[in-house]
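These are my notebook entries on one protein chain. I wrote down what I looked up, in the order I looked.

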Amino acid sequence: MNFPVFDLHCDTVYMAYQSGQTLDQNRLHIDLARGLQYDKWAQVFAVWIPDEWRGEEACQKCDAILDFAHQQANQFADRMQIVENGADMVLTHHPLAMRP
């Protein structure tokens with residue numbers, strides 16, 4: 001598809017983690033396979049946790065979900081990367097960083 005897409009599904013990583021799905025292909029709102037159908041696509045996955053998780057439980061679950069996100073980025077490194085700063089963002093604009 002020939003139009004740019006910028007999407008902010010902040011619960012996708014959480015939902016994939018909870019349901020045992022991957023970010024590559026899943027039954028959620030978005031996945032890498034569907035997103036890469038667009039010529040220009042930027043996806044923001046945030047680590048989101050439910051409000052009822054508090055204290056140490058919230059920290060442990062957040063760490064586990066963040067670890068899952070990093071594992072997914074490593075597993076699907078040809079299609080996604082974790083952006084932690086401005087320099088990482090610049091690298092994603094290189095054509096080879098966007099497609100295998």
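How many helices and strands does the protein chain have? I found five helices and two strands. Helices (H or I, at least four residues) and strands (E, at least two) are DSSP runs, numbered from the N terminus. Along the sequence the pattern reads β-α-α-β-α-α-α.

**Ground rules.** This is a predicted model, in which local features need pLDDT of at least 70 and side-chain atom pairs count only at pLDDT 80 or more, while totals for chains, interfaces and linings use all residues. Residues are numbered from 1 along each chain as its sequence is written, and side-chain values use heavy atoms, with hydrogens and water left out.

**Whole chain.** I looked up burial, where buried means under 20% relative accessible area, exposed over 50%, and partly exposed in between (1.4 Å probe, protein chains only). Of the 100 residues, 29% count as buried. I also looked up contacts, meaning heavy atoms within 4.5 Å. Among contacts between residues at least 6 apart in sequence, 50% join residues at least 24 apart.

**Helix α3.** I turned to α3, residues 55-75, which has 21 residues. From first C-alpha to last it reaches 30 Å, close to the 30 Å expected at 1.5 Å a residue. The expected span is 1.5 Å times one less than the number of residues.

Which residues of α3 are buried? I listed Ala58, Ile65, Phe68, Ala69, Gln72 and Ala73. Seen down the axis of α3, these buried residues fall within an arc of 135 degrees, so they line one face of the helix. The arc is that of the directions from the helix axis to the C-beta atoms. I noted the background rule: an α-helix has 3.6 residues a turn, so residues three or four places apart point the same way. The face of α3 turned away from the buried side carries the exposed residues Glu56, Gln60, Gln71, Asn74 and Gln75.

**The partner, α1.** What do the buried residues of α3 pack against? They pack against α1, residues 12-19. In α1, I found Thr12, Val13, Tyr14 and Ala16 buried, and the buried residues of α1 pack against α3. Ala64 counts as partly exposed, at 24% relative accessibility. Just after α1, Gly20 takes a positive phi of about 70 degrees.

**Asn26.** This residue is in the loop between α1 and α2 (32-35). Is Asn26 buried or exposed? Asn26 counts as buried because its relative accessibility is 12%. Its side chain reaches the backbone nitrogen of Leu28 at 2.8 Å. The backbone oxygen of Ile30 lies 3.3 Å from a polar atom of the Asn26 side chain. Leaving aside neighbours within four places in sequence, I found Asn26 in contact with Gln21, Asp31 and Arg34.

**Cysteines.** A disulfide is a covalent bond between the sulfur atoms of two cysteines. The rule here is a pair of cysteine sulfur atoms within 2.5 Å, and by it I counted zero disulfides. Cys59 is partly exposed at 45% relative accessibility, and Cys62 is partly exposed at 27%.

Terms used. A polar contact is a pair of N or O atoms within 3.5 Å; within protein, one must be able to donate a hydrogen and the other to accept it, and residues adjacent in sequence count only if both atoms are side-chain atoms.
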